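Hi everyone, thanks for having me. Please have a look at the model on the screen, and I'll walk you through a few parts of it.

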Amino acid sequence: MLILAQAWSEAYAVVDRNVAVEVSGGGSGQGIAALIKGTIDIANCSRNLRPEEAAAALASTGKEPKEFVVGHDALAVFVHHENPLEEISMEQLAEIYRRDGTLTRWSQIGVGLPSGRNKIVRVNRQSSSGTYEFFRDHVLGGRDFHLASLDMNGSKEVVELIASTPGAIGYSGMAFATPDVKVLRVSIAPGQPAQAPTAAGVVSKRYPISRSLLIYTLGEPRAPVRKYIDWIRSPEGQRIVADTGYVPIRCEGKDAAGECVDAGTE
Amino acid sequence: MRRRWHRVNEALIEALIRLCGISATIFVLSIFLFVCKEALPLWNDKGFHLREFLFSDQWYPTSSVTRSYGVLAMVAGTFSVTLLAMLIAAPVGMGAAFYISEFSTPRVREILKILVELLAAIPSVVWGFAGLTITSRLIVRFTNADVGVNLLNGAILLALMSVPIIVSLAEDALKAVPDSFREAALAMGATRWQMAWRVLLPAARNGLTGAVLLGFGRAIGETMAVLMATGHAVNIPGSVFDPVRTLTANIAAELGEAPAKSTHYEVLFLIGVLLFVLTFTVNLAAGFVIRRERRT
C-alpha cells in the first residue's frame with residue numbers, strides 16, 4: 001500500500017502546510033518493526049497486527065497499538081501478457097506456491113506459452129511484506145511457501161518482473177496492475193465461477209482474496225496525527241484510495257466515540 | 001627550551017600517525033566483535049542448530065509452521081555469482097591492463113585510463129538498475145532462459161563492477177616491472193606479444209594475482225547490484241540461468257524487518273560473521289599464494 005501512502009502524503013501537503021508526512025516503504029513488517037521501536041507515528045499495514053507484535057509494542061513503548069481501517073484491497077494474480085491463461089483457482093495457486101506443491105509446469109494446467117517455455121516462474125514478495133503473509137495465510141492456509149521463488153522487494157517490482165518474464169506468475173495489490181501484465185480471474189475451485197479483482201468483487205465478497213488496509217498508531221494518536229487519519233478516512237482521503245486503484249471504506253456513520261464506522265467487506 | 005618543545009612536538013606527531021595507522025585495524029576488529037556479539041545468544045537458542053545453519057538449504061525464518069535457518073543455498077549463490085564474475089572479469093581486466101600498459105599509444109592510454117576510472121565511480125545501485133532493466137531483458141530475449149534476473153545476469157554486473165579495479169591494479173603491477181626487462185626481451189628479438197606473455201606476465205605475477213583477488217573481494221561483498229539483478233531466490237543453482245540469492249543481499253533485504261533480538265535477527269548477524277570468515281579466508285589464502293611465489 002506504499003503508493004497509497006505516498007498519494008495521501010502528497011495530497012495532505014496542500015491540506016495542512018504545517019505537517020510534513022514522510023513515507024518510507026519496505027513492507028508491512030518494516031512498518032510494524034519501526035512501530036514497536038517507537039520511531040514512527042503511523043504504520044501502514046496490509047495485514048492485521050499479530051498479538052505478539054502488539055505485546056512487543058506495549059513492552060517497548062508502553063502504549064497499546066490502535067487500529068484504523070482505511071481502505072480495502074484485493075490481491076490480484078498476474079501473468080505475462082502473452083500467457084493465454086484467463087482464470088485460475090485458489091487450489092491451483094496453492095499447488096503452485098506451497099512447499100512441495102505439485103504444479104511446476106504450465107502444461108500441467110493446459111497452458112502452452114507462445115515462446116515454448118514451460119516452467120512456472122513463481123514471483124513472490126520478500127518475507128517482510130504484508131501481502132506475502134496475507135497470501136500465505138489465505139491462499140496456502142498458513143503452510144510454507146516453496147523456496148526458490150523470486151522474492152521481490154515491492155509490488156511494483158513484482159509487476160515489472162512479470163511484464164518481462166514470459167513464464168512468470170505473481171500477485172500483489174490490485175492497484176499495482178499495469179497494461180503490461182494480464183490480471184487473472186480467480187475462482188475458489190476449478191469449474192466454479194471466477195471473479196475479477198474489481199471494487200464490485202471486493203464489496204460483494206465474491207473475489208476470494210480480499211483484505212483490509214490498516215493504519216496502526218501507538219496509543220491514541222497526537223492531534224496532528226489524528227487529524228491526518230481523520231482526513232484519510234474522510235471522503236477526500238477516500239477518493240484518493242479509489243483513484244490509486246484500491247477500494248474505499250464506506251463510512252456508514254459515526255459511533256459513540258466519533259469513529260467512522262466501516263460497513264466492511266469482510 | 002625550544003629544543004624540548006621540538007621533541008614534544010615530534011613525539012606528538014608520531015603518536016598521531018601511529019594512531020591513524022592502527023585505527024583501520026581497530027575499526028575492523030570492533031565491527032567484527034560487534035557482529036559476533038549480536039550473534040552470540042544463538043549458542044543457547046534451542047531453535048537454532050549450527051549444523052542446520054551450515055548444511056541445510058531450507059531458509060524459512062518467518063514460517064508459521066516450522067522455522068529453519070539453513071544458508072547453504074545462499075553460500076552456493078554467493079560463490080557461484082562471484083566465481084562466474086571473476087571468470088569473466090579476470091581475462092578481460094588483464095587484457096585491458098596489458099593493452100593500456102604495453103600496446104596503446106600515450107594518447108589512447110590517457111583516455112582509456114580516465115574511462116576506466118569513470119567506470120569505477122558508478123554507484124552499485126545504478127549497475128543494479130541496469131541489470132534489472134537492460135541485461136536481464138536481453139538474456140530473456142536471446143537465450144531460452146526462464147528468467148532474466150539470474151546467476152549470469154548478476155555475474156555480468158559484478159564483472160563489470162570489478163573490471164575497473166582489476167585494470168588499474170594490474171596496470172600498476174605491469175608498470176612496476178623495470179624497463180630493463182622489456183629492453184632485454186626486445187633486444188633478444190622477441191615480439192611485443194612474446195615480451196608481454198613470456199616476460200611481463202611472470203615478472204608481474206604477484207601484482208596481477210593481487211589485482212584479481214581484490215576484484216574478487218569487491219565482488220563477494222557487493223550487495224545492492226546483486227540484490228536487484230540475481231532474482232533473490234533461495235536456490236542452489238543448476239545452471240547459469242537459475243536465479244540465486246547471495247548472503248549479502250539476504251542480510252540487506254531482511255535485517256530491517258527482523259525484530260531485534262529475535263532468532264532471525266541473530267542468525268542474520270551470524271551470516272555477517274560467516275561472510276567475515278569467508279572473506280578473511282580468501283584474503284589469507286591470497287597472502288599465502290603471493291608470499292610463496294615471492295620465495296620461489
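Predicted model: local features only at pLDDT ≥ 70, side-chain atom pairs only at ≥ 80, totals over all residues.

Let's begin where chain A meets chain B. Each chain puts 26 residues into this contact. Which elements of chain A each supply at least two residues to the side that touches chain B? They are α2, residues 28–37, and β5, residues 150–152. Of these, α2(A) gives the largest share, four residues. If we sort that side of chain A by class, we find 13 polar residues, eight nonpolar and five charged.

Now over to chain B, and two of its helices. Two packed helices are described by the angle between their axes and the distance between the axes. Here, α3 (residues 72–103) and α6 (residues 151–175) of chain B pack at about 35°, and their axes are 6 Å apart. The crossing of α3(B) past α6(B) is right-handed. And what classes of residue make up their contact? There are 22 nonpolar residues, along with six polar and three charged.

In soluble globular proteins, nonpolar side chains tend to be buried together. In this model, the largest nonpolar core has 142 residues. Helix α6(B) gives the most to this core, 17 residues. The residues with the most contacts inside the core are B:Leu158, B:Ile166 and B:Ala170.

Let's zoom in on B:Ala170. Leaving out residues up to four places away in sequence, B:Ala170 touches B:Gly93, B:Met94, B:Ala97, B:Leu208 and B:Ala211.

Note on methods:
Residues numbered from 1 in each chain as written. Chains lettered and ligands numbered in written order. Contact = placed C-beta atoms within 7 Å. Nonpolar A, V, L, I, M, F, W, Y, C, P; charged D, E, K, R; others polar. Axes fitted to C-alpha atoms, helices over the stretch in contact; angles between N-to-C directions. Left-handed = near helix turned anticlockwise from the far one by under 90°. Core = buried A, V, L, I, M, F, W, Y, C linked by C-beta atoms within 7 Å. Buried ≥ 20, exposed ≤ 12 C-beta atoms within 10 Å, placed from the backbone.
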